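Have the sequence and the 3D view open as you read.

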Amino acid sequence: MSAASASPATLPPAGLDGLDPKWSQLVTTPGLDGDGRTWHVLDNQVPDPTLTLLCVHGNPTWSYIWRDLIARAPANVRVVAIDHLDMGYSERTGTTRRLTQRIDDLCALTEALGLTGPVVTVAHDWGGPISLGWAQRHRSQMSGIVLMNTAVHQPEGSRAPTLIRMVRTRGVLKNICVKTPAFIRGTLALARPRLSAPIREAYRAPYSSSGRRAAIAAFVEDIPLSEDHPSYRVLEGIATDLGTFADVPALLLWGPSDPVFSDRYLRDLAQRLPGAEIHRFIGSGHLLPEDADIASVVHTWLEHLEPQAVPVPDLEADRAPLWAALERRADDDTNAIVEMGPDGEDASVTFAELNADVRRMAAGLADLGVERGDRVSLLVPPGIDLAVCVYACWRIGAVVVLADAGLGARGMGRALASANPAYLIGIPRALAAARTLGWPGARISTSALLGVQERVLDVVATLDELRRRGEDLPVPPPPGPLDEAAIGFTSGSTGPAKGVTYRHHQLQAQRDAIIELYNIDESDSLVAAFGPFALFGPSIGIPSVVPDMKVTSPGSLTAQALAEAVQVVRATLVFASPAALNNVVVTADAMSPDLAEAMEGVRLLMSAGAPVPAAVLRAVGEVLPNAEPHTPYGMTEVMPVADISLAEIDTAGPGNGVCVGEPIDGVEVAISALDARGEATGPLTDESGLTGEVCIRAAHMREGYDKLWMTDHAASQPVGWHRSGDVGHFDDDGRLWIEGRMGHIVTTETGPVTPVGIEHAVATLPDVASAAVVGVGPAGVQRVVVVVVPMNAGRRPDLADEDLSDRVRALVGTTDVAAILTVRSLPVDKRHNSKIDRSRVARWAERVLAGGRMGPI
Amino acid sequence: MKVLVTGATSLIGRTLAVRLRDRGDQVTTFQRRPSGLGVVEHLGDVADSAAVAAAVVGVDAVVHVAGLAAVSGPWADFERTNVGGTRNVINAAKQAGVGRFVHVSSPSVAHGGRSLVGVPAGPADPDRARSHYARSKAYGELVALSANSSDLSVVAIRPHLIWGPGDTQLVERIVERARARKLAIIGSGASLIDTIYIDNAADALVAALDRAPSLGGRAFVVTNGQPRPVREVLGRIVMAAGLAPPRFKVPYVVARVGGSAVERIWERRGVEEDPPMTRFLAEQLGTAHWFDQRETRRALQWEPVVSLSEGFDRLRAWFAEQDPE
């Protein structure tokens with residue numbers, strides 16, 4: 001027990017960064033501890049509010065952490081942010097206060113404040129349990145719960161107790177919390193990015209002497225880690241009781257890079273509040289209110305506290321389950337999947353075998369404990385094992401998590417941490433990575449491992465074991481169309497990859513859309529040289545073959561490998577990425593002439609994943625003489641949206657952007673026009689010639705973004721639509737043109753400028769290989785900069801000479817181009833190896849054109 | 001309108017006087033040497049308050065262009081002309097009951113040496129000014145704007161790097177150096193800088209004069225709204241004179257440190273001619289400075305009519321006339 005000095009509450013000193021002195025109030029709670037106590041609270045004092053936010057800070061911060069939430073509060077919302085007693089600028093009582101006392105304290109304070117009417121509690125860190133304790137006693141007032149990086153329970157395996165125990169070691173606690181400001185400094189150092197000096201000073205201001213810091217140690221000491229701790233029962237009570245708030249809207253905001261409150265705590269809270277909206281701010285940490293713009297998210301969420309009319313999914317079309325085609329061909333002894341190896345056919349499975357294997361695997365997974373709704377990440381290259389696992393998961397209602405290697409190791413780690421799968425099925429190399437990098441999920445190996453390896457990798461089963469276990473077991477009942485089926489990831493070319501969720505009915509609709517678009521029937525067969533499509537064959541019910549190529553490097557597909565794959569199943573369809581096609585063209589001469597005949601049987605070539613140069617499509621015509629080249633337009637969130645053939649590309653000719661064709665049947669596409677600031681604020685329209693954000697509605701659209709409530713909300717306006725983030729327009733013939741990404745719009749004084757049209761025009765110069773158009777300067781007065789890759793680029797980046805500058809400006813026309821820079825190459829995304837990373841180019845140009853060193857991009 | 005233009009021997013003063021005269025204003029000028037413009041002239045120094053007072057009598061408006069624009073020299077010279085001279089002209093205008101006063105200032109009055117990227121006109125700040133010239137212009141602008149009242153509308157216009165045919169400040173110095181093969185690029189030469197073609201600058205001053213009653217007390221940066229890498233600006237000017245664009249580069253740090261040293265030596269020795277480099281010049285050429293023109297254009301209801309490429313064409317034609325070879 002610390003004998004801390006006592007002193008009354010005071011107002012904060014003037015001049016603390018971002019803190020408006022008129023918010024600060026001193027409040028007395030008469031009778032508390034006998035003679036009453038004085039508090040410091042921040043209160044915007046909105047009269048007759050429709051809602052009050054009661055903001056409760058943690059340890060060792062103070063109400064200052066909520067300043068942004070107050071400054072940007074909507075007109076009718078009162079925000080009250082309290083300083084706990086012995087914390088911030090509230091009274092130093094000289095007592096030690098435990099959780100129960102602190103809840104009593106808070107109740108006394110809100111009574112003194114006359115806090116009636118609807119309340120949303122907002123809490124961070126150990127403010128969480130206190131706010132929830134208050135909520136238990138004010139149920140009728142509770143209109144919402146917002147929690148950030150907090151906990152009500154110690155989940156098994158969390159590291160936090162270790163850290164807390166370390167801090168609580170005799171002697172250490174007082175030293176780092178009270179005698180020195182080490183705990184405060186340490187907490188402030190967790191901010192990402194680093195806090196500015198004035199903000200750090202403001203956090204430290206109320207804790208200037210050891211006498212003012214006693215409660216910091218008391219807070220740490222009050223964390224119950226064992227059942228005999230005085231606060232254990234209270235906290236357990238709060239945790240257990242949380243489920244009774246199921247009807248209160250809840251928002252969980254999380255900074256995952258938190259050494260104390262890791263994702264385990266988020267999962268624990270999410271399980272207790274199953275209806276909660278979740279937004280994980282990737283890259284943010286413990287001091288979330290400093291790291292991320294939580295004010296926007298909280299205030300946006302408040303606008304939607306009233307339940308909205310959720311659009312009922314279009315389930316009219318009674319679609320077949322994803323595995324229906326397998327059951328239909330259960331007695332079919334023709335090949336369903338063929339995996340090609342370096343020396344020809346490597347492995348194959350018939351429809352009958354595949355169906356039986358999926359059934360076995362489904363039962364085996366269920367026996368292992370995989371339940372409906374469990375997430376299973378699949379780190380397995382396209383082929384038979386992947387198909388078996390995916391269809392087995394779907395069959396029992398498990399959700400497949402597909403993080404592809406194109407995200408890079410770091411991107412995959414982030415993606416998997418976010419999806420947080422319960423199981424991870426992988427090839428041994430992937431399991432080793434998962435083990436080393438701490439990727440979540442109980443590990444299942446695709447192949448048998450040596451005993452040592454099995455122990456080291458901590459594997460719970462192998463696929464063959466599961467097959468054996470499932471052999472004679474019944475398969476659990478199948479999921480319904482509304483059950484979650486899959487999580488894919490955006491390419492992450494604009495920020496961290498986002499998890500995109502699909503339900504069964506959406507994937508069924510996607511399958512049906514593809515069948516209809518390309519008139520696919522059971523006489524067809526497919527070469528899938530593009531990851532995602534390797535999974536469609538079994539669903540459509542046609543044979544598919546995976547050619548011999550490196551999964552991580554689509555450019556490794558040779559004409560020979562493609563032709564061998566085509567011949568094996570007498571393929572009529574070829575799906576390949578642009579990079580793969582490029583290499584097919586390059587290696588066409590080395591193809592065995594006897595394979596040419598098989599290539600004549602291909603009727604359709606589909607290439608997607610990135611804009612496909614018409615020249616590549618044309619050149620492939622030499623290799624696949626009877627194939628009509630098509631390129632669909634779409635994105636991770638909805639695919640396909642539109643489709644265009646080579647002939648149609650030629651008809652469309654050049655224009656402002658890339659022509660992606662007309663929307664396919666069943667897909668609605670509309671444009672939300674840009675305003676002067678380059679934001680898509682216009683109503684949805686299909687008016688031609690109007691540039692804006694491409695908005696899409698389709699039955700085969702994603703369900704939402706995983707644990708990214710704000711992202712999901714922003715991308716789903718109006719409700720039921722998907723805002724693609726692409727900017728484009730319709731031409732007079734109803735064709736859609738893509739002009740770039742919303743984030744890459746250059747906002748000039750004369751209005752928004754989109755990049756793709758200019759880039760294409762500049763790339764028509766005979767001595768130019770490619771170009772990127774970016775903006776420099778503040779939004780609204782940005783200048784257009786063209787970064788050119790000349791055919792004969794010098795080693796170092798440079799300003800273009802006057803001649804090239806003149807020719808570029810002449811092509812661009814009326815838009816003023818401030819500078820033309822030359823580089824050897826432009827940065828592109830990992831997954832497609834073709835999308836220009838314009839954000840990175842822009843940051844570089846901004847630096848260089850402001851007098852920075854002309855270094856590499 | 002009866003308008004007095006001070007400093008009518010400078011390119012901008014002369015161009016403005018002609019423009020006002022041609023549109024029917026009664027123009028008189030005040031400067032040390034005859035301008036040859038064929039308008040009523042008062043000869044004198046702005047530091048001479050009596051001469052200034054005499055020139056201001058009876059006019060409706062003053063456009064105060066006169067000033068000392070040099071890259072080096074003793075502070076006293078700058079103070080005398082740019083601060084004292086401005087005080088004399090503004091006081092005389094107040095005394096004489098003049099209604100409008102357009103003060104020609106410089107964007108350097110708000111330039112603390114860092115890059116300025118798409119910013120609006122900041123307040124003049126003598127304490128942060130990076131050269132005697134900039135500091136004296138900052139004080140001068142503060143003197144002028146503080147005289148704004150309901151009787152006298154004072155507007156400050158800060159043209160950014162005026163150039164055009166006949167310009168002795170920027171164009172002539174650059175071309176001379178290029179001829180002497182002494183023109184170097186500071187750093188990569190990629191810093192974006194704003195400039196303004198002479199005709200556009202004159203138009204902006206006319207616009208400020210016409211709208212002065214609604215703009216009193218405000219300062220506006222005026223530019224062509226077409227920032228370019230400094231190397232491109234130098235290159236286009238030099239090419240207009242028929243010379244090869246500069247290729248010689250000096251690292252920014254070297255230029256800045258070297259410039260400071262040269263500045264001190266020049267000051268100590270009292271050398272008359274311009275030093276090859278000053279810290280101020282290094283900063284001006286090595287950092288970006290371009291501006292948000294939206295408020296300027298809205299308030300002045302003015303747009304530049306001569307684009308940079310048109311301006312460079314005219315400059316080339318002018319050089320060709322000068323030197324018919």
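In this predicted model, 26 residues of chain B are in contact with 16 residues of chain A (contact: C-beta atoms, placed from the backbone, within 7 Å). On the chain B side, β6 (116–119), β13 (228–229) and α7 (230–240) each put in at least two residues. Helices here are DSSP runs of H or I with at least four residues, strands are E runs of at least two, and both are numbered from the N terminus. The largest share, four residues, is down to α7(B). Sorted by class, the side of chain B that touches chain A has nine nonpolar, twelve polar and five charged residues. For these classes, Ala, Val, Leu, Ile, Met, Phe, Trp, Tyr, Cys and Pro are nonpolar, Asp, Glu, Lys and Arg are charged, and the others, Gly among them, are polar.

A word on bookkeeping: residues are numbered from 1 along each chain as its sequence is written, while chains are lettered from A and ligands numbered from 1 in the order in which they are written. As this is a predicted model, local features need pLDDT of at least 70, side-chain atom pairs count only at pLDDT 80 or more, and totals for chains, interfaces and linings use all residues.

Staying with chain B, look for an open sheet of seven strands, in the order β3-β2-β1-β4-β5-β7-β12, with parallel pairing (strands pair if DSSP finds at least two bridges between them). Its edge strands, each pairing on one side only, are these:

| Edge strand | Residues |
|---|---|
| β3 of chain B | 40–43 |
| β12 of chain B | 219–222 |

From one strand to the next, the twist averages 20°. Inside the sheet, β5 (residues 100–104) and β7 (residues 153–159) of chain B run parallel over five bridges, and B:Val104 has B:Ile157 of β7(B) as its bridge partner. Helix α4 (residues 132–146) of chain B lies across β5, β7 and β12, at about 155° to β7(B). Axes are lines fitted to C-alpha atoms, for helices over the stretch in contact, with angles from 0 to 180 degrees between N-to-C directions.

Over in chain A, the axes of α5 (residues 172–179) and α8 (residues 214–221) come within 7 Å and cross at roughly 135°. The contact involves A:Leu173, A:Lys174, A:Cys177 and A:Val178 of α5(A), meeting A:Ala214, A:Ile216, A:Ala217, A:Val220 and A:Glu221 of α8(A). Those residues split into seven nonpolar, no polar and two charged.

Terms used. Contact = placed C-beta atoms within 7 Å.
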